[in-house]
Amino acid sequence: MTTTAHVPHYPFTAIVGMDDLRLGLLLNAVSPAVGGVLVRGEKGTAKSTAVRALAALMPSVDVVPGCRFSCAPAAPDPACPDGPHESGPGTTRAARMVELPVGASEDRLVGALDIERALSEGKKAFEPGLLADAHRGVLYVDEVNLLHDHLVDLLLDAAAMGASYVEREGVSVRHASRFLLVGTMNPEEGELRPQLLDRFGLTVQVAASREPDQRVEVVRRRLAYDEDPAGFAARWADEETALRERIAAARALLPAVRLGDRALRRIAAVCAAFEVDGMRADIVTARTATALAAWAGRTDVLEEDVRQAALLALPHRRRRNPFDAPGLDEDKLDEALEEFGRDDDPDPEPGGPDGPGGGQPPQDGPDAPDVPDAPDVPRPREAPPAEAEQPETSDGAQEVPDGARQEPHAPEAAADAAQESQEGGRRAGGGDESAVAPGEPFATRTFSVPGLGDGAAGRRSRGRTAYGRTTGARRPRGALTGLHLTATVQAAAPHQHTRGRRGPGLLVRRDDLRQAVREGREGNLVLFLVDASGSMAARKRMGAVKGAVLSLLLDAYQRRDKVGLVTFRGTDAELALPPTSSVEAGAARLTSLPTGGRTPLAAGLLKAREVLRVERLRDPARRPLLVVVTDGRATAPGSGRRGVPGAGPAARGSQGEALTAVARAARLLAAEGTASLVVDCESGPVRLGLAGALARDLGGTAVTLDELRADSVAGLVRDVQGTRRAA
C-alpha cells in the first residue's frame with residue numbers, strides 16, 4: 001500500500017507584494033472579532049494561495065477528544081450536541097482550514113438532521129456541517145459572490161453570532177461556530193449585494209503588479225516551489241516561525257489595548273463624513289484599529305491606526321446604488337481627520353512607533369520575506385472613488401455624463417431625419433459615433449417568463465424552489481431537504497398495525513417520508529438585444545434608450561437574474577457581454593456603446609438565438625427572457641438607405657428582403673419557446689409599426705419607452721407572451 005506524502009502549502013512569508021491582502025488577513029488572525037475579510041481581485045492574484053498559507057500560521061487548538069464540534073477542554077460549549085463533556089485533558093491539533101465549495105447545499109453548510117429518527121425515536125440525530133468543522137479555525141469561501149444569497153446569509157449570521165442554528169420541522173440544534181472568515185471574489189462575475197457586503201469586516205482589492213522586477217520574482221519563487229515544495233518551505237521556515245510567534249504575541253496583547261474616547265470620536269467623525277449606513281462600520285473600524293495597535297506592539301490606538309482601519313473597513317460600505325464600484329477617496333479621509341483635529345484640541349498621543357514590540361522579524365539574505373512589520377505596517381492602497389469614474393468615448397476622451405439632463409422621450413422626427421442625413425455616408429461604410437451617456441434610470445414594469453420553472457431562486461418568474469408556499473408533496477429524490485409532515489403521517493398511518501405499533505409513538509420508515517414541494521420565484525437569464533445602428537443614433541434618442549436598458553438592468557439586479565448583451569450595427573451582430581451575474585459589467589458596456597452604421601436586425605436575432613442555445617446547454621434550468629430594444633427597421637448587407645417613405649424602388653425592395661429575413665429569424669426563436677419583450681424605440685409623427693410586427697413574429701409583447709415605466713401602469717405585473725406555455 002502506497003501513501004501520498006503531504007505537500008506543504010506555499011509559505012505566507014514568500015508571497016511577493018500584496019501588502020493589503022496580507023495585512024487584512026493578519027489582522028483577522030490577530031482579532032477574529034474584526035469579522036473576516038473579503039478579497040476582491042482579478043484572476044491569478046494569489047488570493048487562494050494567501051488564505052491557505054495563513055491557515056498554517058494559526059495557533060494550534062486544544063479540543064475535547066471525540067467532540068465533533070471542537071469544544072475547548074477548559075471551557076466546553078454547554079449546548080454542544082455531543083455534550084455534556086466531562087473535565088479532563090484535551091488533545092492538541094492544528095487549526096483547520098475548511099473550504100466551502102460554490103455548489104454546496106444548505107445541509108452541507110449548517111448540517112443535517114435525521115428527520116426519520118426524530119419522528120420515530122424522538123432523537124436529535126445531527127450530522128455536523130462545514131460550520132462545525134470550521135469552529136476555531138478558518139472558513140474559506142472562494143467565489144463567494146457566486147453563492148446563493150441565503151447561503152451567504154447563513155454563513156455571515158454564524159460568523160457574527162459565533163453560533164449556528166439548524167431548524168427542521170420544529171426540531172432545532174445549536175452549536176458554537178467561531179472562525180476566521182475569508183471570502184474571495186472576482187468582480188467580473190458579479191458583485192455581492194450591499195447588505196451582504198456590509199457583513200464582511202474588511203475588504204481588500206488585489207491586482208497583479210505592473211512592475212517587471214516584482215513579476216519576475218513572483219515567477220521565480222513559484223517555479224522553485226513547484227519544483228521542490230518541501231525544500232522551498234524549509235528555506236522559509238524561520239520566517240514562518242517568526243510570523244507565527246508574532247501573531248500569538250499580538251493576540252496576547254490585544255486585551256490590553258486601550259481604545260480611548262478620542263480615538264472613538266475620530267472613528268465616528270470619519271464614518272459620519274462618508275455617510276455610511278448603520279453602525280457596523282464604526283464598530284468594525286474600532287476593532288480593526290485595536291488590532292492594528294496590537295499588531296504594532298502598542299497598547300494605545302493612534303490616528304494612523306484609525307486611518308488605516310478606515311481604508312480597510314469603509315470602501316465596501318459606500319455603495320449608493322448597484323452600479324457603484326466600492327472605493328474610498330483618500331483625500332476626503334484626510335480632510336475628515338484634519339477637520340476632527342481642528343474641532344477637537346488634540347491631546348498628546350501615548351505610545352508611538354518606538355513602542356514595545358516595534359522590532360522587526362529577521363530579514364536575512366536576498367529572499368528576505370516581504371511581511372508587513374511594525375511599525376511600518378503597509379498602508380492599504382487607495383481604491384478609486386466611484387464618483388471619479390466616467391465613461392470614455394470611442395476616441396478615448398472622457399465624456400461627462402449628462403444623464404440627469406436627458407429628455408425622457410425620444411426626439412421629434414425632424415431630429416431623426418437630420419441625424420440620418422448626416423450619417424448617410426458613414427453608415428454606408430459602417431462609421432462609428434461616439435458613445436452617448438445613458439439617461440436617468442427609472443423603475444420599470446415587471447415582466448416575467450410564463451409557466452413554472454425549476455431555475456435558481458430569484459425574484460422574477462414562478463418556479464419550484466426550496467423556499468416559498470407549499471403546493472404539494474412528493475417522494476424525496478436523494479436527501480430530504482424539506483419535510484411535508486401531513487403527507488408523511490398520511491403515508492405512515494395505514495401501516496401502524498402491521499409494523500407492530502403498541503404505544504403512542506408513530507412508527508415511521510424512510511419510505512414514508514414526503515418532500516414538500518414549494519413554489520416561489522426564480523431568477524432568469526435576461527438577454528438584451530440592442531439596436532446600435534444609425535437609425536438609433538440621434539443623441540437624445542440613444543440617451544433615452546440607454547436609460548431604459550439601464551433601468552431594466554437595475555431591475556434584473558434586484559430580481560437575481562443573469563444578464564447578457566448582444567448589439568447589432570454595421571454589417572453584423574456581436575456578443576458585447578456574455579451571460580453573467582455582473583450587472584455592473586452590463587452597465588459599463590452599455591455606457592460605452594457607440595452607434596452608427598446599418599441595421600442588421602436579422603443577424604442580431606440569430607446571434608441571440610445562438611447565445612441562448614449555448615446557455616441552455618450550460619444551465620438548462622435557467623429560463624431566458626429576450627429583450628429586444630429597437631425601432632424595428634432593418635437593412636440587408638450592402639443596401640443603401642432604409643425603406644423610409646420617399647425612398648426609391650431599389651431601397652424599398654431591399655427593405656422588404658431585410659424584413660423577411662427578420663421575420664424568419666424571429667419565428668425560429670418563437671418556435672423554441674423563447675419568451676420575448678420588444679421595447680419599441682420608434683418616435684415622431686410618422687410611425688411604421690415595425691417593432692409591433694417583430695413582437696408578433698416573436699410571439700412576445702411590445703411596449704414603448706413610456707409604457708416601460710412602472711408608474712405608467714401602476715405597477716402592473718405582466719407575463720411576457722411566449723409560445724410555449726407550461727401545463
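1. The structure is a predicted model. The mean pLDDT of the protein chain is 78, and 78% of its residues reach 70 or more. Among the elements, the highest mean pLDDT, 94, belongs to helix α12 (residues 280–295), whereas helix α15 (residues 413–428) has the lowest, 40.

2. Stretches to read with caution. Over residues 713–717 the pLDDT is below 50, and the model gives this stretch 5 contacts beyond near neighbours in sequence. Residues 721–727 also stay under 50 in pLDDT; for them the model has 17 contacts beyond four places in sequence. Where pLDDT is low, the predicted coordinates should not be read in detail.

3. Overall composition. The protein chain holds 21 helices and 22 strands. Of its 727 residues, 53% are buried. Among contacts with a separation of 6 or more, 79% are between residues 24 or more positions apart. The accessible surface comes to about 32800 Å², and carbon and sulfur atoms account for 51% of that area.

4. The nonpolar cores. The largest nonpolar core contains 64 residues. Those with the most contacts inside this core are Phe12, Leu21, Leu25, Val182, Trp295, Leu314 and Leu333. Helix α12 gives the most to the core, with 9 residues. Apart from this core lies another, of 38 residues, which includes Met536, Ala544, Ala556 and Val679.

5. The surroundings of Phe12. Which residues is Phe12 in contact with, leaving aside its neighbours within four places in sequence? The contacts of Phe12 are Arg22, Leu25, Leu26, Ala50, Ala53, Leu54, Leu57, Glu240 and Leu243.

6. Strand β17 and its cover. All 8 of the 8 residues of strand β17 (residues 562–569) are buried, so the strand is largely enclosed by the rest of the structure. Both faces are covered: one side carries Lys562, Gly564, Val566 and Phe568, the other Val563, Leu565, Thr567 and Arg569, and all of these are buried.

7. The partners of β17. Strand β16 (residues 525–531) runs parallel to β17 and is joined to it by 7 bridges. Strand β18 (residues 572–580) is antiparallel to β17, with 6 bridges between them. Leu565 of β17 stands opposite Phe528, and in β18 its bridge partner is Leu577. β17 and β18 form a hairpin with 2 residues between them, and Gly570 in the turn has a positive phi of about 70°.

8. Aromatic pairs. The count of aromatic pairs comes to 5. For Tyr225 and Phe232, the ring centres are 5.9 Å apart and the planes stand at 75°; planes over 60 degrees apart count as edge-to-face, so this pair is edge-to-face. Both Tyr225 and Phe232 are buried.

9. A loop residue, Val102. Is Val102 buried, partly exposed or exposed? Its relative accessibility is 39%, so Val102 counts as partly exposed. Val102 is placed in the loop between β4 (97–99) and α3 (106–110). Leaving aside neighbours within four places in sequence, Val102 is in contact with Asp142, Glu143, Leu146 and Leu147. The C-alpha atoms of Val102 and Asn145 are separated by 9.2 Å, although the two residues are 43 residues apart along the chain.

Key. Residues numbered from 1 in each chain as written. Predicted model: local features only at pLDDT ≥ 70, side-chain atom pairs only at ≥ 80, totals over all residues. Heavy atoms only, no water. pLDDT = per-residue confidence, 0-100. Helix = DSSP H or I, 4+ residues; strand = E, 2+ residues; numbered from the N terminus. Contact = heavy atoms within 4.5 Å. Core = buried A, V, L, I, M, F, W, Y, C linked by side-chain atoms within 4.5 Å. Buried < 20%, exposed > 50% of the residue type's maximum accessible area, 1.4 Å probe, protein only. Areas by Shrake-Rupley, 256 points an atom, 1.4 Å probe, with all protein chains shown as cover. Pairing = 2+ DSSP bridges. Phe/Tyr/Trp six-rings, centres within 6.5 Å; stacked < 30°, edge-to-face > 60°.
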